[in-house]
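Dear colleague,

Here is the structure I said I would pass on to you. My notes on what was found in it follow below.

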Amino acid sequence: MLLPKAETQRTDTMNTVPTSNVRQQNFMHALRMNMGLPLHQLANDAIANTFGQPMDFQVGLEMARIAQMIQKDAVYVSFASDTANKPIGFSVIYRELNMVDVIDNCVPYAASDNAPVVLVSTRANEHFAVDSRGSLIRLPGKPANIAAGKKLAMKRIRVAAAAMGDAQMAGCQIIKPGAAPMAQNPQVEPIVCFS
């Protein structure tokens with residue numbers, strides 16, 4: 001994940017994450033869960049969940065570089081500062097055949113209490129969802145009543161984030177601009193099912 005620099009740090013696992021960012025980490029993971037993905041590593045680990053400083057041209061370029069390097073699409077949650085409690089933006093970093101598309105100004109949306117959260121682009125007639133394989137998909141069209149869907153999605157995300165506690169989750173890491181991300185659990189064997 002790309003994070004803004006912070007003064008205070010704690011080491012709960014191999015990675016060092018600023019303590020002020022745990023709330024932001026929880027918000028990112030709550031969004032992931034509400035989009036339909038569990039917190040454990042998946043057999044098809046195709047989406048990076050990231051958070052950090054406000055999305056701008058430089059952050060977009062860095063996130064595109066990271067997405068290409070780790071070969072994953074990414075969902076990016078922006079915060080105004082290291083200590084901010086609420087996000088100021090949502091973005092999708094989506095890999096195409098010959099480019100990486102950074103879609104900023106997305107809005108989380110839930111059609112109902114049980115429906116997965118999707119990210120709706122405010123700039124184009126499209127939205128992003130997680131499919132049954134755990135991949136990020138780009139779909140045409142916008143859902144109806146975006147304001148109500150956003151309010152419901154944000155409520156669900158806040159409730160889930162508040163229930164996560166104050167410990168750093170395994171696998172979270174800081175990626176400095178220009179640095180390479182560490183491999184995540186390269187020795188984990190996939191689950192094989194015969195049917």
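Helix H1 (residues 22-34) packs against helix H3 (residues 146-162) at an angle of about 120°, and their axes lie 8 Å apart; axes are lines fitted to C-alpha atoms over the stretch in contact, with angles running from 0 to 180 degrees between N-to-C directions. On the H1 side the contact (heavy atoms within 4.5 Å) is made by Asn-26, Phe-27, Ala-30, Leu-31, Met-33 and Asn-34, and on the H3 side by Met-154, Arg-156, Ile-157, Arg-158, Ala-160 and Ala-161.

Please keep in mind that this is a predicted model, in which local features need pLDDT of at least 70 and side-chain atom pairs count only at pLDDT 80 or more, while totals for chains, interfaces and linings use all residues. Residues are numbered from 1 along each chain as its sequence is written, and side-chain values use heavy atoms, with hydrogens and water left out.

Lys-72 sits in the loop between helix H2 (57-70) and strand S2 (73-79); helices (H or I, at least four residues) and strands (E, at least two) are DSSP runs, numbered from the N terminus. Lys-72 has a relative accessible area of 15% and is buried, a term that means under 20% with a 1.4 Å probe and protein chains only. Beyond its neighbours within four places in sequence, Lys-72 is in contact with residues including Asp-45, Ala-67 and Arg-95.

Across the protein, buried residues make up 47% of the 195 residues.

Best regards

Technical notes: Buried < 20%, exposed > 50% of the residue type's maximum accessible area, 1.4 Å probe, protein only.
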